[in-house]
Amino acid sequence: MGREAENATSVTITPDGPLLLPGPVEVTLPDGTVVTSRRFTVALCTCRRSRIYPWCDTSHRRRTKNAKETR
């Protein structure tokens, strides 16, 4: 295993859900604000429905598919 692989960050992509990252995580938002989570595993929102964005609050679970998405 190469040196880069040993130091690589693991990211888990979940279907229709958040990105899961090993914590702690520091995120820089588009406005330059830096937010930090010190949790063991951090869930980053990918649907932008979260009330605590950029962290996932499972709002994606309440999403219903409309006719355009099912075609």
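**Entry 1: the sheet**

I began with Pro22 and looked for its bridge partner in β5, which turned out to be Thr41. I note at once that this is a predicted model, and I read every value below as computed from it.

I then asked in what order the three strands of the open sheet are arranged. The order is β1-β2-β5, and the pairing is antiparallel. The edge strands are β1, residues 12–13, and β5, residues 41–44, since each of them pairs on one side only. For my own reminder, strands of a sheet pair through backbone hydrogen bonds, either parallel or antiparallel.

Next I looked up Ser37, which sits in strand β4, residues 34–37. Is Ser37 buried or exposed? With a relative accessible area of 9%, Ser37 is buried, because the limit for that word is under 20%. Its side chain reaches the backbone nitrogen of Arg39 at 3.4 Å. Setting aside residues up to four places away in sequence, I found that Ser37 touches Pro24, Val25, Val42 and Trp55.

I turned from there to Val27, which lies in strand β3, residues 25–28. Val27 also counts as buried, at 14% relative accessibility. Between Val27 and Ser37 I noted ten residues of separation in sequence and 8.5 Å in space, taken from C-alpha to C-alpha. Which residues does Val27 contact once its neighbours within four places in sequence are left aside? They are Thr33, Val34, Val35, Leu44, Pro54 and Trp55. Trp55 is thus on the contact list of Val27 and also on that of Ser37, while Leu44 belongs to the range of edge strand β5.

**Entry 2: the cysteines**

Last, I searched the whole structure for disulfides and found zero. Cys47 is in no disulfide, and the nearest cysteine sulfur, that of Cys45, is 3.8 Å away.

Cys47 counts as partly exposed, at 25% relative accessibility, whereas Cys56 counts as buried, at 18%.

How values were computed: Residues numbered from 1 in each chain as written. Predicted model: local features only at pLDDT ≥ 70, side-chain atom pairs only at ≥ 80, totals over all residues. Heavy atoms only, no water. Disulfide = S-S within 2.5 Å. Buried < 20%, exposed > 50% of the residue type's maximum accessible area, 1.4 Å probe, protein only. Helix = DSSP H or I, 4+ residues; strand = E, 2+ residues; numbered from the N terminus. Polar contact = N/O pair within 3.5 Å; in protein donor to acceptor, adjacent residues only side chain to side chain. Contact = heavy atoms within 4.5 Å. Pairing = 2+ DSSP bridges.
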